[in-house]
Amino acid sequence: MTKSRKKFDATFKAKIEALRETTTVPELAKRHGVHPNQIYGWKKQGFDNVASLFARGAIAAGDGEEEHKRETAKLYTKIGHLTVERDFLAKRPGR
């Protein structure tokens, strides 16, 4: 009989709250049904990757602004089309 490994997604790992340190790791492990070593590993991984999160955020801020401008222009175009369509349909006889 082979045992398959459980795979945990990022949202589950974030839900564990190990970085907050409000409760002990063994208590968290018992509450969520995982081994304490997994939580220690996730916690270490979180602390190791914090710097990359800040670096990515600084770089992506400029890209997000351009994307926001493109999305805004697209939405204003759609609003214009819908306004013209509404006005055209409002003039229809028999309404």
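## Fold and secondary structure

Helices are DSSP runs of H or I with at least four residues, strands are runs of E with at least two, and both are numbered from the N terminus. In this predicted model, the elements read along the sequence give the pattern α-α-α-α, in keeping with a count of 4 helices and 0 strands for the chain.

Of the contacts in the chain that link residues at least 6 apart in sequence, 31% are between residues at least 24 apart.

## Surface and burial

The chain has 95 residues, and buried residues account for 11% of them. Its accessible surface amounts to about 8,600 Å², with carbon and sulfur atoms contributing 58% of that area.

## The second largest pocket

For the second largest pocket, the computed volume is about 170 Å³. Its lining is made up of Ser4, Arg5, Lys6 and Phe8, together with Gly33 and Gln38.

## Salt bridges

Side chains of opposite charge can pair when their charged atoms come close. Across the whole structure, the search returns 2 salt bridges, and each is described here with its partners.

In one of them, Glu67 pairs with Arg70, and the closest N and O atoms are 2.8 Å apart, which means that the pair falls within the 4 Å cut-off applied to a side-chain nitrogen and a carboxyl oxygen. Both residues belong to helix H4, which covers residues 50-90, and they are separated by 3 residues, or about one turn of the helix. Glu67 has a relative accessible area of 41% and is therefore classed as partly exposed, since that class lies between the limits of 20% for buried and 50% for exposed.

The other salt bridge joins Arg86 to Asp87, with 3.1 Å between the closest N and O atoms. The two partners fall into separate accessibility classes: Asp87, at a relative accessible area of 34%, is partly exposed, while Arg86, at 53% relative accessibility, counts as exposed because its value is over the 50% limit.

Notes: Residues numbered from 1 in each chain as written. Predicted model: local features only at pLDDT ≥ 70, side-chain atom pairs only at ≥ 80, totals over all residues. Heavy atoms only, no water. 1 Å grid on protein atoms, 1.4 Å probe; cavity = no way out; pocket = protein on both sides within 12 Å on 5 of 7 lines; lining within 4 Å. Points joined across faces, edges and corners; volume = space filled by probe spheres on them. Buried < 20%, exposed > 50% of the residue type's maximum accessible area, 1.4 Å probe, protein only. Contact = heavy atoms within 4.5 Å. Areas by Shrake-Rupley, 256 points an atom, 1.4 Å probe, with all protein chains shown as cover.
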